[in-house]
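Please read them alongside the sequence and the coordinates.

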Amino acid sequence: MRSMPPHFLFVDCKYFSAFFGTLGDEIIASNLGKNTSCGEDGGRGILDVVNIAFGMERKMSYREETKVIQIGDRKIGGGNPILIQSMTNTKTEDVQATVAQILSLERAGCEIIRCTVPTLEAAKALREIKKQIHIPLVADIHFDYQMAIAAMENGADKIRINPGNIGSVERVKAVVDVARERNIPIRVGVNSGSLEKALVEKYGGVTAEGIVESALDKVRLIEDLGYDNLVISIKSSDVLMCVKAHELLAGKTKYPLHVGITESGTVRSGNIKSALGLGMILSQGIGDTIRVSLTGDPVEEIYSAKLILRTLGLRTGGIEVVSCPTCGRTQIDLIGLAGKVEQMVADYPLDIKVAVMGCVVNGPGEAREADLGIAGGKGEGLLIRKGEILRKVPEGELLAALKEELDHWEA
Ligand code: SF4
C-alpha cells in the first residue's frame, strides 16, 4: 500500500468536526494542520483524515492510479480532477445551434462536450464548432467507422466508439491507425442494452459481469492493435447493476473510467438515479469523468453533476444553497424564493453557503451557520451575513438584497 502525498490531501473540516467534535478539531490541528488544504480537489475525504490521524496508511483509490489520458487541453486519470461532461442534443451539422448550446454548457461548468457524428457533414462541422468553443470536443460514433476517421481528421479531441458496432477488425484497425497517428484517445463505450448475445447467454441475462467482460474484450481488441490511449465507459440504466459493474471493472483495468447512469429518465428521476449511482461509484474512488444523463435541458446535467461532486467533497467552488423544508411557521413564499435564489446563484464564482430559511424561530440559527442568509418573517425577512443581522428587508426585495450582497461579496 502507498501512502498519500501530503499535497493531495483533501479535508472537509466541517464534516470532520461534525463527526468527531472537539476531538476531531484537535486531531486536525495536531496531525494535519501542516499538510491539509480545505478545498484541494482530487477525490479524497474524511477517510484520509481518519487514516492519517490514527496512523493508518491509506490505500490509493482507483482514480489515483488510473492511466493519465490527455483530451484536448485537459488531463483525466491519475488523480486529476473529475471532469464533468455533457452531450449536445442539437443537430451537429447545425454549427450555429451546436456552438450556442456548447457555450451555454461551458458557462454552466461543462468541461468536456460530446456531439454525435452520424454524417460526413456532421464530421466536417466539428472543425467549425471547435473554433468557437473552449472545451475538448468528443465525437460520438455509431456503426460507421468512416465517421470516426472523418471526425478525427476534423479535429475531434477524442472519439467514443463501441468497437462491437463498428464491424470487422479491419475497420476497427483503420480507426485505431488514425487515432494513433494523431494521438487521439478512444473511449470504448459499452451499454447494457447492446450486450452481445453470447454474453447474455453465458451469464443468463444482462449482468454486470457480462457488461465488464464485453468492455474488456473491446479494450483487448484495441490493445492487440497496439493502442492504449483509452478511456472506458460501461453503462446501464439499472443503477445497482451499473454500480456493481464499475466495482468489478475497477479491479481489472487501469484505464480511466467515464461514469454515468444511462437513460436515467426525466430531470427528477434522472437526478435521483444519477445521484445514487454516481454517489456509490464515486465514493469508492472510481470515476474520472462523469455525466448526469437527463431527459431535459443539458445545462441541468451540469448543475446536477456539480452538486453531486460537491456533495461528495470531490469538488469545491460555487454557492451552496441550503433551505428549510417550510412548515406552518413560514409566512413568506419561501419555496418560490429558494428556487429563485438557487437559479440566481448558479453561476456566481463564489465558494460560500447561502441559507434561505422560513422563520425567525430556527431561521437565524441556520442562517448564522451560513455565510449569507435570510430568515423569513411576516411579509419580510432578516438579512444575515456571517452571523450578523444586517437589516430587515420587505419580502418582495429579499432576492434583490441577496444579489446585492453577492455582487459585492468580500470574504
Ligand atoms: S426554519 Fe422555521 S419555517 Fe423553516 S421549517 Fe424550520 S421552523 Fe419551519
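1. Burial and overall content. Of the 411 residues of the protein, 43% count as buried, a residue being buried if 20 or more other C-beta atoms, placed from the backbone, lie within 10 Å of its own, exposed if 12 or fewer do, and partly exposed in between. The protein has 16 helices and 15 strands; these are DSSP runs numbered from the N terminus, with helices being H or I of at least four residues and strands E of at least two.

2. Basis of the model. This is a predicted model, in which local features need pLDDT of at least 70 and side-chain atom pairs count only at pLDDT 80 or more, while totals for chains, interfaces and linings use all residues. Residues are numbered from 1 along each chain as its sequence is written.

3. Contact range. Residues 24 or more positions apart account for 61% of the contacts with a separation of 6 or more. Two residues are in contact if their C-beta atoms, placed from the backbone, lie within 7 Å.

4. Strand S3. In S3 (residues 83-87), five of the five residues are buried. Leu-83, Gln-85 and Met-87 point one way, and Ile-84 and Ser-86 the other way. In a regular strand the side chains alternate between the two faces of the sheet. S3 pairs in the parallel sense with S10 (residues 289-292) over two bridges, and Leu-83 stands opposite Thr-289 there. With S4 (residues 112-116), S3 pairs in the parallel sense over three bridges, and Ser-86 stands opposite Ile-113. Strands are taken to pair if DSSP finds at least two bridges between them.

5. Helix H6. The buried residues of H6 (residues 145-153) are Tyr-145, Met-147, Ala-148, Ala-150, Ala-151 and Met-152. They pack against helices H5, H7 and H8 and strands S5 and S6. Just after H6, Gly-155 takes a positive phi of about 100°.

6. Helices H12 and H13. Which angle do the axes of H12 and H13 make where they cross? The axes of H12 (residues 267-282) and H13 (residues 298-311) cross at roughly 35° and come within 11 Å; axes are lines fitted to C-alpha atoms, for helices over the stretch in contact, and angles run from 0 to 180 degrees between N-to-C directions. The contact is made by Val-267, Asn-271, Ser-274, Ala-275, Leu-278 and Gly-279 of H12 and by Glu-300, Ser-304 and Ile-308 of H13. By class, this contact has four nonpolar, four polar and one charged residues. Here Ala, Val, Leu, Ile, Met, Phe, Trp, Tyr, Cys and Pro count as nonpolar, Asp, Glu, Lys and Arg as charged, and the others, Gly among them, as polar.

7. The five-stranded sheet. Five strands form an open sheet of mixed pairing in the order S11-S12-S13-S14-S15. S11 (320-323) and S15 (388-394) are the edge strands, each pairing on one side only. Neighbouring strands are turned by 20° against each other on average, direction ignored. S12 (residues 353-357) and S13 (residues 372-376) pair in the parallel sense over four bridges, with Gly-373 of S13 as the bridge partner of Ala-355. Helix H16 (residues 398-407) packs on the sheet, touching S12, S13, S14 and S15, and its direction makes about 165° with that of S13.

8. Ligand shell. Of the twelve residues around the ligand, Cys-324, Cys-327, Gly-358, Cys-359 and Asn-362 come nearest; a residue is near a molecule or strand if its C-beta atom, placed from the backbone, lies within 6 Å of it. The shell has six nonpolar, five polar and one charged residues.
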